[in-house]
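Here is a short briefing on one model. It covers a strand pair, a pocket and a side-chain contact.

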Amino acid sequence: MLKGGDSMDQRINDLAALSGSASEPASVAVAVPAGDHTLPKAERLSKRSDIGRLFTQGEAFLVYPVKCTYRFRSPAEEPAASEAVEASGEKRGGVCRNRMMVIVPKRNHRRAVVRNLLKRRMREAYRLNKSVLSAAGFSAGVDIAFSYIAKGEPADFRTVERAILSILNKLCVLRKAKTTGTATTPEAAEVAEREAGGR
């Protein structure tokens with residue numbers, strides 16, 4: 001009945017026939033997410049020198065339970081648009097990629113299973129919401145480190161996602177303030193974010 005060469009529609013119809021609802025063919029609605037919901041290696045911060053630069057030159061703010069350390073790269077730091085760069089995936093369509101990393105300290109969560117769970121949740125929340133940064137269309141990317149700082153029971157995905165989304169919105173406000181030349185602190189960005197959300 002179900003063979004390797006059958007199409008997906010045929011398999012669905014066969015399964016519907018087995019369940020007893022063979023009178024009408026089964027229809028499956030597949031939701032295709034808008035935007036790029038991938039997290040390739042080029043968008044992960046992994047070089048020791050880049051990580052060191054992020055933590056020595058970067059700034060940080062907290063949206064509980066996630067601390068964000070960020071550093072806006074200047075356009076001069078971005079690699080030239082050459083074939084070698086495009087092959088590595090550093091630039092895509094003339095837009096620089098943002099790079100991220102996640103951290104869950106061992107002193108707060110002793111079990112590796114819990115640390116890995118929290119890292120997966122933060123990566124997934126970023127992957128699903130990274131279009132917030134991409135939509136801003138800046139000429140240079142940003143390096144971000146998400147650190148889970150809460151102790152005790154791990155937060156559920158919705159809590160982590162809300163924190164990551166708030167962080168990404170604050171980064172957009174901070175980046176816009178930096179490009180326009182106005183001095184903005186993370187606290188002022190939070191106020192601006194609240195005002196924009198209330199409209």
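Strand 1 (residues 59-63) and strand 2 (residues 66-72) run antiparallel and are joined by 5 bridges. This is a predicted model: local features need pLDDT of at least 70, side-chain atom pairs count only at pLDDT 80 or more, and totals for chains, interfaces and linings use all residues. Residues are numbered from 1 along each chain as its sequence is written, and side-chain values use heavy atoms, with hydrogens and water left out.

**Strand pair**
- A hairpin of 2 residues links strand 1 to strand 2.
- Glu 59 has Tyr 70 of strand 2 as its bridge partner.
- Strands (E, at least two residues) and helices (H or I, at least four) are DSSP runs, numbered from the N terminus.
- Two strands pair if DSSP finds at least two bridges between them.

**Second largest pocket**
- Lining this pocket are 11 residues, and Glu 59, Tyr 70, Phe 72, Leu 174 and Lys 178 lie nearest its centre.
- Strand 2 and helix 6 (157-180) are the elements that give two or more residues to the lining.
- A pocket is an open set of points on a 1 Å grid over the protein atoms alone, with protein on both sides within 12 Å along at least five of seven lines; lining residues have an atom within 4 Å of a point.

**Arg 99**
- Arg 99 lies in strand 5 (residues 99-103).
- The Arg 99 side chain makes a polar contact with the side chain of Asp 143 at 2.9 Å.
- A polar contact is a pair of N or O atoms within 3.5 Å; within protein, one must be able to donate a hydrogen and the other to accept it, and residues adjacent in sequence count only if both atoms are side-chain atoms.

Technical notes. 1 Å grid on protein atoms, 1.4 Å probe; cavity = no way out; pocket = protein on both sides within 12 Å on 5 of 7 lines; lining within 4 Å.
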